[in-house]
Amino acid sequence: MAEHQDHLASVVTYYDTHPINEQQIMHALRARGIDLDHLTEDLLKDYDQDHFGGLQATDVLAAKAGIKKEHHVLDACSGMGGPARYIAHRIGCRVTGIDCTESRYLSAIKLSKLVGLETLVNFVHGDALDMPFEENSFDAVIAQEAWCHVPDKARLIAQCARVVKPGGVIAFTDILCTDKLSNGDMRRLRSEMTFPELETISGYARLLELSGCTLLEHDDLSNVWTKVLEDRLLMYRTLAEETERNFGAERAREWDDAYAFFVSRFRQGRLGGARFIARRDRGPVLEDAEEAL
Ligand SMILES: C[S@@+](CC[C@H](N)C(=O)[O-])C[C@H]1O[C@@H](n2cnc3c(N)ncnc32)[C@H](O)[C@@H]1O
């Protein structure tokens with residue numbers, strides 16, 4: 001328990017000092033001459049996403065999840081709410097987001113109000129391992145590049161399976177390890193990227209099955225993401241001065257070292273990524289899939 005709280009605190013610090021943040025988004029919008037008093041989701045959507053592959057990746061995930069206007073979607077680890085707002089605006093569905101970093105949660109609320117989406121999207125400050133939602137609350141659960149930060153994936157998947165309706169979809173993308181990843185690599189990723197442990201494709205497939213879900217499809221995105229991450233490293237370097245101004249030279253240097261290391265492990269095939277689309281079966285769901293192991 002204390003160990004988990006310490007881990008959550010390190011995730012919060014990581015995101016409190018992340019180069020992509022509300023202040024940086026506002027700065028980028030202003031630099032483009034966008035009037036913040038008349039901000040719309042169509043303008044904001046290109047600045048507030050924090051996952052790989054941008055809006056197109058969210059489009060693919062939403063399409064594969066079969067999200068429709070009448071649905072209520074949960075974004076499990078929603079960050080500043082970029083994907084939640086984008087999906088709500090484009091499809092017209094309701095989206096709830098949960099995130100453990102208070103600054104991200106507050107930014108999500110503020111940005112959603114700024115673009116007038118506060119009736120379609122709402123946010124909860126909380127831990128995805130302990131979701132304060134009734135069972136069968138959502139038609140779909142989505143997540144993008146966030147579950148790598150969550151230590152107990154069995155419990156996480158079981159929580160998602162509990163809150164999604166029978167027949168509902170759990171659709172997510174995540175960073176994965178391969179058998180080439182060394183213990184030393186994992187130690188650095190744990191301390192520098194706050195990844196406590198990483199799953200594999202077969203690991204997630206097993207956890208989904210244990211939680212009463214059927215894996216409908218999965219796509220290995222490792223090669224695509226290697227290129228995306230090379231570009232992302234360059235993008236972070238263009239933000240280096242701003243990161244230094246916001247969080248100090250040491251954090252800016254640390255960020256660059258950690259991200260360069262992360263990208264190198266993708267290049268070497270030690271890290272990978274995939275998209276998973278699973279359907280919750282119609283039977284009862286175990287509270288914690290670990291109990292079944
Ligand atoms: C890379 S961001 C992704 C945000 C969002 N998916 C997007 O694309 O903009 C990962 C988010 O996961 C959140 N997170 C990590 N562990 C969490 C946990 N146990 N519970 C809730 N949120 C968590 C972090 O606070 C962070 O905002």
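Start inside: of the 63 residues in the largest nonpolar core, select Ala140, Val141 and Ile170, which touch the most other members. Now colour strand β5, residues 164-177: its eight residues are the largest share of this core. Keep in mind that you're looking at a predicted model.

Next, zoom in on Ile170. Leaving out residues up to four places away in sequence, Ile170 touches Val141, Cys160, Ala161, Val164, Cys213, Ala278 and Arg280. There's also a second, separate core to find, made of six residues; pick out Met80, Tyr105, Ala108 and Leu111 among them. As background, nonpolar side chains tend to be buried together in soluble globular proteins.

Now for a pair of helices. Select α8 (residues 183-193) and α12 (residues 249-267): their axes come within 10 Å and cross at roughly 140°. Angles over 145 degrees would count as roughly antiparallel, so α8 and α12 are oblique to each other. The crossing of these two helices is left-handed. To see where they meet, show Asp185, Arg188, Glu192 and Met193 on α8, then Ala258, Phe261, Phe262 and Arg265 on α12. By class, that contact has four nonpolar and four charged residues, with no polar ones.

Last stop: Asp37, in the loop between α2 (22-31) and α3 (41-44). Is Asp37 buried or exposed? Count the other C-beta atoms within 10 Å and you get 6, so Asp37 is exposed; the cut-off for that is 12 or fewer. Finally, draw a distance from the C-alpha atom of Asp37 to that of Asp185: they're 148 residues apart along the chain and separated by 45 Å.

How values were computed:
Residues are numbered from 1 along each chain as its sequence is written. This is a predicted model: local features need pLDDT of at least 70, side-chain atom pairs count only at pLDDT 80 or more; totals for chains, interfaces and linings use all residues. Axes are lines fitted to C-alpha atoms, for helices over the stretch in contact, and angles run from 0 to 180 degrees between N-to-C directions. Helices (H or I, at least four residues) and strands (E, at least two) are DSSP runs, numbered from the N terminus. Angles under 35 degrees count as roughly parallel, over 145 as roughly antiparallel, 65 to 115 as roughly perpendicular and the rest as oblique. A crossing is left-handed if the near helix is turned anticlockwise from the far one by less than a right angle, and right-handed if clockwise. Two residues are in contact if their C-beta atoms, placed from the backbone, lie within 7 Å. Ala, Val, Leu, Ile, Met, Phe, Trp, Tyr, Cys and Pro count as nonpolar, Asp, Glu, Lys and Arg as charged, and the others, Gly among them, as polar. A residue is buried if 20 or more other C-beta atoms lie within 10 Å of its own, exposed if 12 or fewer, and partly exposed in between; C-beta atoms are placed from the backbone. A nonpolar core is a set of buried Ala, Val, Leu, Ile, Met, Phe, Trp, Tyr and Cys residues joined through C-beta atoms within 7 Å.
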